[in-house]
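Here are my notes after going through the two chains.

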Amino acid sequence: MLDLITGIYRFRALVWELALKELKLRYKRSVLGFLWALLNPALMMVVLTIVFSTILRFNIPHYAIFLLSVLLPWTFFSQSLSYGVECIVSNGELIKKVAIPKLVFPVAAVVANSINLLLSLIPMALVVLAMGHPFYGTWLYLPVPMSALILFTLGLTCFFAAANVFYRDISHILQVVLSAWFYFTPIIYALDFVPPNMRWLFKLNPIIYVINGFRLAIYYGQLPRWQSIVASFICGLTALLVGFAFFRKYQDEFVYYV
Amino acid sequence: MSDQSGLLAGVAVRLENVTQRFRVIQERPDTLREVFAKVMRHEVNYHNFEAIRNLSLEVPSAQMLGVIGRNGSGKSTLLKIIAGVYRPTAGTVHVEGSLAPLIELGAGFHHELTGRENILLNGLLMGYSREEMKSREESIIEFADIGKFIDAPIKQYSTGMQTRLAFAVATEVDPDILVVDEILAVGDAAFQQKCFSRIEKFRRAGKTILFVSHNMIQVTEHCDRAVLLDKGSIIADGEPAEVVAYYKSLTVPEMAPAH
């Protein structure tokens with residue numbers, strides 16, 4: 001496991017460059033360029049605010065903030081996975097020609113999306129101010145759930161990226177899983193909406209521990225209970241260990257299948 | 001990145017009993033459905049193909065070794081094993097010092113990025129830092145002779161321009177071992193001349209060069225030693241002129257007029 005980490009450390013400049021490359025290519029040939037990283041969540045927020053304040057009225061004050069506080073981390077998670085699942089396959093030409101630690105690709109995918117996540121906090125803060133929602137000091141707590149989220153996402157990205165090398169169905173399956181996962185996670189609703197006798201089932205969903213901290217800190221201005229923090233890091237580290245172990249086991253085979 | 005012990009031992013590359021086996025699957029199942037279908041019918045067909053067979057090779061440092069052989073004899077596979085792209089099925093590989101592989105044209109180039117961005121990316125792929133690459137950028141651009149195209153995306157480059165840039169990056173980063181696979185075949189005469197004068201400079205600096213070519217004149221003129229590969233094994237090893245002559249004697253019956 002340590003060899004993976006030292007490999008990444010040695011090639012950290014490459015990871016950074018690959019992440020920037022991914023962002024650059026995402027916004028290349030667009031007039032607004034990097035501004036889209038800010039505009040995208042901002043426009044999404046406008047749409048959601050309109051939909052949920054006029055059509056689908058929940059009895060939740062400042063619903064847009066309630067939603068966005070977990071939608072942003074979810075978007076990070078699902079985008080990292082949907083970009084990341086292809087990262088080994090799409091860099092196949094490189095892997096066939098240059099000896100580099102393969103882990104740089106999933107790490108770079110997650111780093112690129114982490115930059116997006118950080119940028120999206122700017123429009124998030126603007127919405128909070130614009131809607132007159134209190135700007136809580138608990139925002140300072142955000143790095144903690146963010147770390148757990150990044151560990152969790154990186155673990156799953158490594159797992160799926162490696163599996164996708166051998167069976168390309170994985171990336172299609174993943175898209176379906178992600179959209180189902182979205183609706184079974186309390187994102188557009190709160191866990192309180194779930195019938196009490198079914199809540200235990202929802203609590204088996206590891207990502208709720210990971211993203212819960214975001215909603216508490218941004219919307220409620222509270223800190224999670226320590227049990228919840230511990231649970232989020234257990235989920236994050238477990239995902240990372242499983243993902244890394246799987247990736248490590250098969251990484252030498254990638255070159256024959258890409 | 002260079003290792004003192006390697007310099008003392010005087011061996012840059014050592015391969016012992018290396019075998020590289022590829023599993024060639026006829027119509028490899030790419031999707032789960034196909035796997036299920038094949039498993040149900042018990043027909044996952046494959047055969048093992050040994051691209052390199054029990055090969056041992058020692059390259060002393062500061063040697064320029066020519067690797068020759070017909071298409072499919074295992075030359076590129078051998079270089080990829082040395083470059084660390086393949087982990088061989090059996091045997092051991094020791095490489096002392098840093099290595100710059102020029103295995104195929106534009107290895108590590110990204111076509112949407114500009115020449116300048118690709119210089120950086122290519123250097124980082126070889127494990128160099130951003131600062132090291134920035135300090136070498138100007139001389140790379142100068143050697144590659146790309147002119148103002150350096151800030152245009154690589155996809156607008158001609159094949160020759162890409163080769164020049166790739167060669168410039170790989171040689172400018174000052175590796176201990178340079179691996180050149182057939183890449184010089186695409187440059188024009190003037191650039192080839194430039195490349196060989198740089199290769200000569202490398203040799204004088206005591207660097208090791210592994211050189212794959214189908215151009216027998218280049219091999220005879222520049223290499224200290226040549227090995228002839230056939231079906232994944234070395235069948236001749238020695239003076240370039242002798243190995244080349246032997247190779248020609250083997251292939252004459254099937255060869256078009258020699259060039």
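1. Start with the pair of helices in chain A. Phe160(A), Ala163(A) and Asn164(A) in H8(A) meet Ile170(A), Ser171(A) and Leu174(A) in H9(A). Sorted by class, this contact between H8(A) and H9(A) has four nonpolar residues, two polar ones and no charged ones. Bear in mind throughout that this is a predicted model.

2. How do those helices pack? Two packed helices are described by the angle between their axes and the distance between the axes. For helix H8 (residues 143–166) of chain A and helix H9 (residues 169–183) of chain A, the angle is about 135° and the axes are 7 Å apart. That angle makes H8(A) oblique to H9(A).

3. On to where the chains touch. Chain B puts 24 residues into the contact and chain A puts in 20 residues. On the chain B side, helix H4 (residues 115–125) gives the most, with four residues. The residues on the side of chain B that touches chain A divide into 13 nonpolar, six polar and five charged.

4. Ten of its eleven residues are buried, so H4(B) is largely enclosed by the rest of the structure. Among the buried ones are Glu117(B), Asn118(B) and Asn122(B), along with Ile119(B), Leu120(B), Leu121(B), Leu124(B) and Leu125(B). What do the buried residues of H4(B) pack against? They pack against H2 of chain A, together with H5 and H6 of chain B. After H4(B) comes Gly127(B), with a positive phi near 90°.

5. Looking across from chain A, Glu17(A) is the one I'd check by eye. Glu17(A) sits in helix H2 (residues 12–27) of chain A. Is Glu17(A) buried or exposed? Glu17(A) counts as buried because it has 23 C-beta neighbours inside 10 Å, and the cut-off for buried is 20 or more. Leaving out residues up to four places away in sequence, Glu17(A) touches Leu120(B), Leu121(B) and Leu124(B). Within chain A, Glu17(A) and Ala108(A) are 91 residues apart in sequence, with 8.2 Å between their C-alpha atoms.

6. Another buried residue in chain A is Ile95(A), which has 20 C-beta neighbours inside 10 Å. Ile95(A) lies in helix H6 (residues 92–95) of chain A. Setting aside neighbours within four places in sequence, Ile95(A) is in contact with Ile88(A), Lys102(A), Phe254(A), Val255(A) and Val258(A). Lys28(A) is 67 residues from Ile95(A) along the chain, and their C-alpha atoms are separated by 24 Å.

7. Some overall figures for chain B. There are nine helices and nine strands in chain B. Of its 259 residues, 41% are buried. Take the contacts in chain B between residues at least 6 apart in sequence: 72% of them join residues at least 24 apart.

8. Helix H7 (residues 189–204) of chain B passes a simple length check. At 1.5 Å a residue, its 16 residues should span 22 Å, and the end C-alpha atoms are 23 Å apart, which agrees. Which residues of H7(B) are buried? Cys195(B), Ile199(B) and Phe202(B) are. These three cover an arc of only 50° around the axis, which puts them on the same side of H7(B). On the other side of H7(B), the exposed residues are Ala189(B), Ala190(B), Gln193(B), Ser197(B), Lys201(B) and Arg204(B). The cover over the buried residues of H7(B) includes helix H6 (159–172), strand S6 (177–181), strand S7 (208–212) and helix H8 (216–222) of chain B. Gly206(B) follows H7(B) and has a positive phi near 80°.

9. Last, two backbone spots to look over. Most residues other than glycine have a negative phi. Asp145(B) is not a glycine, yet has a positive phi of about 60°. Asp145(B) is in the loop between helix H5 (130–144) and H6 of chain B, and counts as partly exposed because it has 15 C-beta neighbours inside 10 Å. Lys231(B) also has a positive phi, near 50°. Lys231(B) is placed in the loop between strand S8 (225–230) and strand S9 (233–238) of chain B. With 14 C-beta neighbours inside 10 Å, Lys231(B) counts as partly exposed.

Conventions. Residues are numbered from 1 along each chain as its sequence is written. Chains are lettered from A and ligands numbered from 1 in the order in which they are written. This is a predicted model: local features need pLDDT of at least 70, side-chain atom pairs count only at pLDDT 80 or more; totals for chains, interfaces and linings use all residues. Two residues are in contact if their C-beta atoms, placed from the backbone, lie within 7 Å. Helices (H or I, at least four residues) and strands (E, at least two) are DSSP runs, numbered from the N terminus. Ala, Val, Leu, Ile, Met, Phe, Trp, Tyr, Cys and Pro count as nonpolar, Asp, Glu, Lys and Arg as charged, and the others, Gly among them, as polar. Axes are lines fitted to C-alpha atoms, for helices over the stretch in contact, and angles run from 0 to 180 degrees between N-to-C directions. Angles under 35 degrees count as roughly parallel, over 145 as roughly antiparallel, 65 to 115 as roughly perpendicular and the rest as oblique. The expected span of a helix is 1.5 Å times one less than its number of residues. A residue is buried if 20 or more other C-beta atoms lie within 10 Å of its own, exposed if 12 or fewer, and partly exposed in between; C-beta atoms are placed from the backbone. The arc is that of the directions from the helix axis to the C-beta atoms.
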